[in-house]
4 protein chains.
Amino acid sequence: MKAVWKTQPEEGLEIRETQVPKIKEDQVLVKVKATSICGTDMHIYKWDEWAQKRIGKNIPYIFGHEMSGEIVEVGKNTNGLVMGDHVSAETHISCGYCFQCRTGNEHICENVKILGVDTNGTFAEYVALPYRNAWKNDKKIPHWVATAQEPLGNAVHTVFDGEIAGKTVTIFGMGPIGVCAVGLCKAAGAAKIIAIDRHELRLKFAKDFGADVIVDTSKEKDVKKTIMSETDGRGADVFLEMAGTSEAFNMGIQTLRAGGRASILGVFPKPFEVDMTQIVFKGIKLSGINGRKMFDTWYTAKSLLSSGKIDLKKLVTHKFKLTDIEKGFETLIKREGMKVVIEP
Amino acid sequence: MKAVWKTQPEEGLEIRETQVPKIKEDQVLVKVKATSICGTDMHIYKWDEWAQKRIGKNIPYIFGHEMSGEIVEVGKNTNGLVMGDHVSAETHISCGYCFQCRTGNEHICENVKILGVDTNGTFAEYVALPYRNAWKNDKKIPHWVATAQEPLGNAVHTVFDGEIAGKTVTIFGMGPIGVCAVGLCKAAGAAKIIAIDRHELRLKFAKDFGADVIVDTSKEKDVKKTIMSETDGRGADVFLEMAGTSEAFNMGIQTLRAGGRASILGVFPKPFEVDMTQIVFKGIKLSGINGRKMFDTWYTAKSLLSSGKIDLKKLVTHKFKLTDIEKGFETLIKREGMKVVIEP
Amino acid sequence: MKAVWKTQPEEGLEIRETQVPKIKEDQVLVKVKATSICGTDMHIYKWDEWAQKRIGKNIPYIFGHEMSGEIVEVGKNTNGLVMGDHVSAETHISCGYCFQCRTGNEHICENVKILGVDTNGTFAEYVALPYRNAWKNDKKIPHWVATAQEPLGNAVHTVFDGEIAGKTVTIFGMGPIGVCAVGLCKAAGAAKIIAIDRHELRLKFAKDFGADVIVDTSKEKDVKKTIMSETDGRGADVFLEMAGTSEAFNMGIQTLRAGGRASILGVFPKPFEVDMTQIVFKGIKLSGINGRKMFDTWYTAKSLLSSGKIDLKKLVTHKFKLTDIEKGFETLIKREGMKVVIEP
Amino acid sequence: MKAVWKTQPEEGLEIRETQVPKIKEDQVLVKVKATSICGTDMHIYKWDEWAQKRIGKNIPYIFGHEMSGEIVEVGKNTNGLVMGDHVSAETHISCGYCFQCRTGNEHICENVKILGVDTNGTFAEYVALPYRNAWKNDKKIPHWVATAQEPLGNAVHTVFDGEIAGKTVTIFGMGPIGVCAVGLCKAAGAAKIIAIDRHELRLKFAKDFGADVIVDTSKEKDVKKTIMSETDGRGADVFLEMAGTSEAFNMGIQTLRAGGRASILGVFPKPFEVDMTQIVFKGIKLSGINGRKMFDTWYTAKSLLSSGKIDLKKLVTHKFKLTDIEKGFETLIKREGMKVVIEP
């Protein structure tokens, strides 16, 4: 089969012919119908500091993890999955037995491995998946849409970390997850959705997914004032951090009302100054959000997708063949696309 | 002023000329622009067993409690309310100082009085309200719509007693509160809303407010089977009881999935047989819902109304003048209307 | 090995020599050091209506499920368990893959099997356990104490279904679980623990485990009045139902304050009349409690046991050899013991 | 009457004869029997940067806010309080009508005034209190103990921000609030309490109130390693920040387990660097804690005090007469005392 390998400790990738993986008893073999490029893949492609540290030891290996495909072979112990099932991959391969896994927190498993980071991934014609990580899709959802369920899941986890109906929400960072969050807030009855970013294209997507107010930080002179005036001077009820910058975090806290909720999904390049006293005096509830709750998040995402409450189709701006995957990376580096799907 | 009195311990009402109420320091005087008929008023009108027991001692007095009007006079201590403000009434006049009031549960105040039950009510040209019970409305909402906020509030309290987005919900009882609940579930992203009643007109309203499935118990042969098949054989995630019948309660529990949520607003004529072991084995979370949370519920309701997430206009089927209020009662007795509004 | 079989559809048991079970890849073989008699075993022994219905088809089989022992053999996939480990059994053998299992609710698994009910149990010298059901004990806890962890777990699940510190609690039913609940409430800082039962011996245990007030319903003339006067006339903050009788349930609701918590563990012989309107008006939060949360409950129980916050030693009133197990049953039938431990 | 005034914008205080305050309709006059010195008072006494900014405009005025006394006069509208009642003061004088006050968050009222900061305080023979801020004490608790309820309340709010029973807890900062927190965790069944500070005297108090492990950061070489080894290498379940230093905050987060709870009461002199990515990856739940929940916290504190679950007597190390109050401040500046009580 064809697969996309990271072979050298430098920017780039390599497409190689390789053997179809052999599955274990508790695995299924999936023919990848669609796989998409995530921010993590960008780090790996560019081979930045994070990638060097995190996966220097793993190369050469196949990367990629967002996926939708069809089961073509099942192991002996795969709990009822059958050939022909459409599945996506939950990326966190958890041990199922540590303290976290046994107390409803598999997503922060103490022994977690990440698909396409610690193991061979989905930028390939076939991938072997532990059956517990193969999430069965509704066959009505096309593969090129279903592959976006993984980022949707991050958004679901973050948005539904607390109440949304009737709330005023600020969302910082209009990448694919941020845009999904806008759509989810809309579907769930948020009273006002304020989307903040500094790229015009991204803000256009935000608008399209239902944002009530758009704040372009590249143009807006006084972001704080704008948000406060959109929230009756009190601040937002809910703040979702999906930008991963200190500026976004601190602005989000400043424009959050006392007693408000801050759900932080963004990953920040390094520690930064925080006005913790403000968090204390305001009585803010802040949560770090990691991955997707396994599998509450997936059930909710499936339910919202199948009932048509959210439509991911418009998130996908580009499709390429596997052999053209570098064009996909270039599109994203130039910030010309939102979600880029590869169809092997 | 004209007012609707309950004067005799028997079915009926009496319209009398009476003095405009004098307000106390912590009260406002409201010119009633719209007031509507609630189930409670029906009990009082018909003078059934409940009414005899509950308010036998109060007559003669003015009844009615759903309202929207304009402040025409303010007491000395009324915290910033001014003439011209549009207000509705929170019906629970709480003491503000008992254990419940001081722990965030004013709606179950130990010394509560009910407007229009324990005090003179809103079926009148003017009503005196404690300023804490005068909820300031958005002036964009017409009075004849704003008066329906009180039942909307009951629905808000019940629906948002737990998560809704992406959930499958059964709602039993399509009176005005049930219909509002349908609309709220729709606005908040419920995946499937199953509305159950036995009156065609009511089910039509449910459909109109967004119900995905309609179950007419007067026609359906096997209600349980129908609901189970609509919920993948697992049962609903959420069950909202707004019918106040033992049949509805028991069917709701039977068709609720293990680990599901049951929020019970209905008031039942008498104790009835419950299969408590089923509640135990299923690990059901059940809450009794009384009134509206003061004032979380009102803020949520206002927010949803002002942002257009729910539209109450279509709930109002009839309008009458105060002097024609008996026509309103007759309409409801014949089950020909949903919400009947009186404009004094 | 010796084992206790249910062979006939009638009262009684049979001790037979049988083969030591062969384990599967994901199982461990445990040498049973202590096993104890639970209420469920009493039903099976007596062969009452419940037993006939629930396990009529399973006989002949080995019953019993409360246990502590030592691992003497491990399967290939048993996740780090080793020979010599001390383990108890979580009784609910869950599938690990259904909706409930994948959303943090394994204890209400859709495909659950119960150890000693649906499978061969622990009244034997050896038992085969799925590794996921083998809970590793602190070796400092003697086996005859560790076997009581399973009922302790039920109590932990019920007591910590909500807040306890500083609360007034009524606990109905002073069987082993009720008595454990008393001890847990004491350890967790309940302000006042009111224990209700009608057997003197049981109430003595309650006192010994830390109950502040004892209510003997066989002697007390006005139980409601007593409880209300012990709770400042307001009612208890928390009501734990561990008696499984309609009288206890209804008295518990009547003496619960508005806004209070009712956690119901008791299993009731049949449906009974409930004043649901009272639950509604009081705004009560009621939960059905089934089994133990897997494995939050076990972690909490272990933590409380190991740190000495609760001492189960005094719960064990009798020890018998396996061949004398009928004496154990007789002791309990005569209500002369609390927890009866069998040491094979 | 005698009262302690802040008259000059500089370190120090002044004792002056002044008139007994006149009460308004909704106030009570309290004869102060005991009042105690809090950290806030230290800032005011020393007239540091915070004090200059926060209350530069208020001087001259009477400061102090921790108190217990006896009502000697009641206004017309004081809801049942009577002469002779023993009361302490809730320091947050809330408006009762803003968004926060009407949604169960009076402690973060948008218009809050602080007793002894924005109004005349309790370092005096008499103080006028709004009846809603006069918390009725159990007369069995001596005044010199009851005055310490206000810091106890901070500890109650922080400790019971989540579950405690069976949990491992780190508490940073062994001032009076930290020490109260230790006592509360003990009373509520924490499995292991790890107290961290750098003053020997304070750690002695921690030990005395029930800390299981003492970490003296002035001596310990590797604080992180110590805490991790005391928590099975996983980190603590709960982290309570009561030191108000960046070192404590960051160490607390580093030694908190994934999925753990961080409740932050400390007030920090300025913004500082936080490793937010760690909070995200660990999925930490963090809350800012301000004041005391009004009045859930007070009910819990009262309940724990009256039932003897926590004993504040040993917290009080010094008593002085009002005229000797400067000796009290000196004692605390030299860190020779824990809670210093003034008896006017």
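This note goes through the predicted model and the interface between chain A and chain B.

1. Conventions. Residues are numbered from 1 along each chain as its sequence is written, and chains are lettered from A in the order in which they are written. In this predicted model, local features need pLDDT of at least 70, side-chain atom pairs count only at pLDDT 80 or more, and totals for chains, interfaces and linings use all residues, while side-chain values use heavy atoms, with hydrogens and water left out.

2. Confidence. The average pLDDT of chain A is 97, and 100% of its residues score at least 70; pLDDT is the predictor's confidence in each residue, from 0 to 100. For the complex, the predictor gives an ipTM of 0.97 and a pTM of 0.98.

3. Extent of the interface. Chain A brings 15 residues into contact with 15 residues of chain B (heavy atoms within 4.5 Å). Together the chains bury about 1100 Å², with 51% of it on carbon and sulfur atoms (accessible area, 1.4 Å probe, that two parts lose on being put together, summed over both). Of the area that chain A buries, 30% comes from Ala165(A), Ala191(A) and Lys309(A), more than from any other three residues.

4. Polar links. Six residue pairs, both at pLDDT 80 or more, are in polar contact across the interface (a pair of N or O atoms within 3.5 Å; within protein, one must be able to donate a hydrogen and the other to accept it, and residues adjacent in sequence count only if both atoms are side-chain atoms).

5. Make-up of the chain A side. By class, this side has seven nonpolar, five polar and three charged residues (Ala, Val, Leu, Ile, Met, Phe, Trp, Tyr, Cys and Pro count as nonpolar, Asp, Glu, Lys and Arg as charged, and the others, Gly among them, as polar).
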